[in-house]
Amino acid sequence: MRSFIKTLLLFSAAISIVWLQGCKPKGTQSAVSGDAAAKVYVAPGKYDEFYNFVSGGFSGQMSVYGIPSGRLLRVIPVFSVDPEKGYGYSEETKSMLNTSHGFVPWDDLHHIALSETDGIQDGRWVFANGNNTPRIARVDLKTFRTAEIIEIPNSGGNHSSPFITENSEYVIAGTRFSIPMDNSNGDVPINTYKSNFKGTVSFVSVDKTSGNMKIAFQILMPGVNFDLARAGKGKSHGWMFFSCYNSERANTLLEQNASQKDKDFIIAVNWKKAEEYLKAGKGKKESVKYAHNTYDEKKHSATSAIETEVTVLDSKELADMVYMMPCPKSPHGCDTDPSGEYIVASGKLAATIPVFSFTKMLDAIANKTFEGEYEGIPVLKYDAVLYGEVKKPGLGPLHTEFDDKGFAYTSFFVSSEIVKWNVKTLEVVDRVPTYYSIGHLSVPGGPTRKPWGKYVIAYNKITKDRYLPTGPELSQSAQLYSIEGDKMKLLLDFPTIGEPHYAEAIPAELIMKNSQKIYKIEENQNPFAALGDKYARVERKGNEVHVYMTSIRSHFTPDNIEGVKMGDIVYFHITNLEQDWDMPHGFAVKGANNAELLVMPGETQTLAWKPERVGIFPFYCTDFCSALHQEMQGYIRVSPAGSNVPISFGTGKTDTTSVATK
Amino acid sequence: MIKPTIVLQKLIKLTIMKKLFRFFPIAALVLIFSACNSNTESATATETKDAAAKSGGQEAVQDDVSQKDVVKIAVGSKDHTTLVAALKQADYVDDLSNAGPFTVFAPTNDAFNKLPAGTVDGLMKDDKKADLQNILEYHVAVGVYKTENMQDGQKINMANLGDITLSVKDGKVVVNGTANIVASIPAANGIIHVVDAVLLPPAKN
């Protein structure tokens, strides 16, 4: 009898599980409306309406999707080597990944910031942060290539970055991990966190014409964890708002110890004030070490310089520059609405969204409505700066984007949904499930003064049963929703690369008109270029053999090379003589320990190769270029050290060698 | 005893199914599945207010291999039927099936029975959903709090933003001075601490 009851109980549990799992609409099938397919269908040969620049997370790269089709258009290598494109492998691109720690071939790319003019996306550059070894990259949207990477000193990890001001004056970099400053003794016990660990936020200026970045100044901050940020806009232009957590300043088991206090902070930085202090010479020059890498489009190569100084402004000593607003429960997202009046903060462990008022904040500052100080920085009274709270919106709010009709869209990780609410009334007007556990979200133009609206895209952290199973790991899923009507409508589900964090979408016409088709061969200033077959040659310099090679449909010049000896390093400098859009040539040589080259029309790239055995080594073009692509090949002969085979080379000659080895 | 209509209906349904299941187990399963299918189809046709109103949860993911999440553990426990019914009524089944991590203080049926008569009945009414959600959120913290790391006097801020206070004596943990942690069960997405009293949230300021 006992066992019968036990069995019955088991059965009942089983039934209730089935009941719980099976007997309710499972979301997608039901949530997709009949015209969804038509809304995302981009006919063959037609273009998508928006470019979507999506962070590649732990892939270190940035991906570009077309919206609404969800088609992957491009993966741009940024912080990680990319053997497919030779990025980080070619001699010309290696320096892009140089840091004060040496060559760092990987990073964790979290956030995207498209350049802006007057608070509107201008389609010139897209910035991205390297979270692990603190860096900011700038990608040129004419070429979709990484043009510049700057390392951030006095930073333990660049998470709160690269959020941009409304005229691209600055991209910013707040340290996720506070640490002892670079020029202090870092060899301290970890449990001296509270006395030795500090935070910084860096303001990296962007040159109006060239886009070149420079660390204008850093602000020394209390040792908290900086999470996300957003620039003020319109009336709040000149301010930057950062979310932070771990105001407990715990150094272990943050899962518990950084969740002790009811409230952490949104930190408001008056950067115009900071500029005044900087001008008045209030900054302290500190000696640090950081790499600044730039890619020269004419020389087709990167240079890396190590910079040695930053100017630091101390938030404790310089009044009226930094204020703190209390914010419930480990705030994560920190987003400003298109008017610049509202600052939306999301306590990621909470079930409420506080919305702060910029006007009230200025009043509170003017009236000194402070509740106290935190590490010498005035803390404004919560009620004095609060516009209102979105009540019971869901669990675990993370990030907020805005549309062109006065609505906000907040992602909820814990409850796995997007909640639409009215920015003025703070009323929740709609909610849709995401599959599963959304992190960031993106509305085209959503972080700017001029949102384009139309869609919201969810970037989810967990996929599970959304796609055909591919073993223990699945591509992170993104979901596209229409926001044209009152209700959000699920349209499409598409896989992404790496783990997408933030993304931005921009109307296609703002970018496509500027897209570059070729590099002009007459502008090629690479010192190793061979600007025509007649310049193709092979030169020995000690144990270096330089091959100045050209490629054009469908041969290399030279394609027979002899005289290389064991112990030599061979540099293949490949110049692609094509002047035709989408006609790269690749180059690969047997046994190369690095990667291929993928050389754009008019460009020169170099592959270093150290032969490790005697023999004949074929090389060939890796990018299918023509009907005779398969014939686009050559041989290089490697002789023993001390061999008397002279350097010789040619294409189309049948007798290139004069001396046999034996 | 609790006799809210929804729970009662479900209990009756469950009893009928149990009987069916006992005698015609396969038939019963087929019935359940076919019922579910027709459900889904009709929902597709009407484009569901239901799904739109609910959050996106992983609770429908078919997976018998992975470690059970906090919801599946609760559902499998005969001592937590009231809690499970309450989670369903409050639409928290989806949320708690997600990645979390959660610490759930899970009052037993006996714990609910200790509340003044009619309390649970009242909370299970649709117009009291916000109150029920508030109480349930007071039982959930985002984060994993293991008993071995709990300290006397420690406060934990719960999902509804209210604090609970722990007291630790001779290795035994008591929540808010009233609820004993009688067992702890690790779950895929967090941990369940079984408690013998319902935690009542302090009045909101």
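This is a predicted model: local features need pLDDT of at least 70, side-chain atom pairs count only at pLDDT 80 or more; totals for chains, interfaces and linings use all residues.

**Exercise 1.** Work out which strands stand at the edges of the 10-strand open sheet in chain A.

*Solution.* Start with the strand order, which runs β6-β7-β8-β9-β17-β18-β13-β12-β11-β10 in chain A, with mixed pairing. Now look at the ends: β6 (109-117) and β10 (158-160) of chain A each have a single partner strand, so one side of each has no neighbour in the sheet. From one strand to the next, the twist averages 30°. Then zoom in on one end: β10(A) pairs with β11 (residues 170-175) of chain A in the antiparallel sense, over 2 bridges. In one of these strands, β11(A), you'll find A:Gly174 as the bridge partner of A:Ser160.

**Exercise 2.** Decide whether A:Arg138 and its salt-bridge partner A:Glu148 are buried or exposed.

*Solution.* First, find the pair: the closest N and O atoms of A:Arg138 and A:Glu148 are 3.0 Å apart. A:Arg138 sits in strand β8 and A:Glu148 in strand β9 of chain A, 10 residues apart. Next, recall that buried means under 20% relative accessible area. A:Arg138 has 4%, so it's buried. A:Glu148 has 0%, so it's buried too.

**Exercise 3.** Find which parts of chain A are tied together by the pair A:Arg553 and A:Glu578.

*Solution.* Begin with the contact, a salt bridge whose closest N and O atoms are 2.8 Å apart. A:Arg553 lies in the loop between β36 and β37, and A:Glu578 in the loop between β39 and β40, so the pair ties together parts 25 residues apart in sequence. Finally, check accessibility: A:Arg553 is partly exposed at 36%, whereas A:Glu578 is buried at 4%.

Definitions and conventions
Residues are numbered from 1 along each chain as its sequence is written. Chains are lettered from A and ligands numbered from 1 in the order in which they are written. Side-chain values use heavy atoms; hydrogens and water are left out. Two strands pair if DSSP finds at least two bridges between them. Helices (H or I, at least four residues) and strands (E, at least two) are DSSP runs, numbered from the N terminus. Axes are lines fitted to C-alpha atoms, for helices over the stretch in contact, and angles run from 0 to 180 degrees between N-to-C directions. A salt bridge is a side-chain nitrogen of Lys or Arg within 4 Å of a carboxyl oxygen of Asp or Glu. Buried means under 20% relative accessible area, exposed over 50%, partly exposed in between (1.4 Å probe, protein chains only).
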